[in-house]
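This report describes one protein model, shown below with its sequence. The text after it begins with a strand pairing and then widens to the whole fold.

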Amino acid sequence: MVPIKPIFQELGLGLTFNQKTNVVVGTKTGMKITLTIGSTKAVVNGKAVTLSLAPKIIKGATYVPLRFIG
């Protein structure tokens, strides 16, 4: 598991988090990634993707499986 914020920033994606729905969205021109904390389902450019582990929040930071970032 790796923290998503510094990786998304390095890739040039803007990042938003909705605390009520636990949804994280990363966007940039031509790309949109939607993740839900606790769910192994993600959406990348409108296509469903299954994650090996569900994203989780650890000490205030969102973590996702490294394989998903790759």
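Val 2 has Val 64 of E8 as its bridge partner. The two residues belong to a pairing in which strand E1 (residues 2-3) runs antiparallel to E8 and is joined to it by 2 bridges. Strands here are DSSP runs (E, at least two residues) and helices are runs of H or I of at least four residues, both numbered from the N terminus. Two strands count as paired if DSSP finds at least two bridges between them. The model is predicted, and local features need pLDDT of at least 70, side-chain atom pairs count only at pLDDT 80 or more, and totals for chains, interfaces and linings use all residues. Residues are numbered from 1 along each chain as its sequence is written, and side-chain values use heavy atoms, with hydrogens and water left out.

Not counting residues up to four places away in sequence, Val 2 touches Ile 7, Thr 62, Tyr 63, Val 64, Leu 66 and Ile 69. Contact means heavy atoms within 4.5 Å.

**The sheet around E8**

E8 also pairs with strand E7 (residues 56-58), in the antiparallel sense and over 3 bridges. In that pairing, Ile 57 has Thr 62 of E8 as its bridge partner. The 3 strands form an open antiparallel sheet in the order E1-E8-E7. E1 and E7 are the edge strands, each pairing on one side only. Strands of a sheet pair through backbone hydrogen bonds, either parallel or antiparallel.

Is Thr 62 buried or exposed? Thr 62 counts as buried because its relative accessibility is 14%; buried means under 20% relative accessible area, exposed over 50%, and partly exposed in between, with a 1.4 Å probe and protein chains only. Leaving aside neighbours within four places in sequence, Thr 62 is in contact with Val 2, Pro 3, Ile 4, Val 24, Ile 37, Lys 56 and Ile 57.

**Two hairpins**

E7 and E8 form a hairpin with 2 residues between them. A second hairpin consists of E2 and E3, with 4 residues between them.

| Hairpin | Residues between the strands | Turn residue and phi |
|---|---|---|
| E7 and E8 | 2 residues | Lys 59, about 50 degrees |
| E2 and E3 | 4 residues | Asn 22, about 60 degrees |

Lys 59 has its positive phi although it is not a glycine, and Asn 22 is likewise not a glycine. Most residues other than glycine have a negative phi, and most peptide bonds are trans. As for accessibility, Lys 59 is exposed, with a relative accessible area of 87%, whereas Asn 22, at 31%, counts as partly exposed.

**Core and overall fold**

The protein has 2 helices and 8 strands, arranged along the sequence as β-α-β-β-β-β-β-β-β-α.

The largest nonpolar core has 12 residues: Val 2, Ile 4, Phe 8, Leu 13, Val 24, Ile 33, Leu 35, Ile 37, Ala 42, Leu 51, Val 64 and Phe 68. Helix H1 (4-10) and strand E4 (31-36) are the elements that give two or more residues to this core. Such a core is a set of buried Ala, Val, Leu, Ile, Met, Phe, Trp, Tyr and Cys residues joined through side-chain atoms within 4.5 Å. In soluble globular proteins, nonpolar side chains tend to be buried together.

Of the 70 residues, 26% count as buried. Among contacts between residues at least 6 apart in sequence, 26% join residues at least 24 apart. The protein exposes about 4700 Å², of which carbon and sulfur atoms supply 56%; the areas come from the Shrake-Rupley method with a 1.4 Å probe, and for residues only the protein chains shown count as cover.

The C-alpha trace spans about 30 × 25 × 20 Å along its principal axes. The radius of gyration is 11 Å, which agrees with the value near 11 Å for a compact globule of 70 residues. That radius is taken over C-alpha atoms, and the globule rule is 2.2 Å times the number of residues to the power 0.38.
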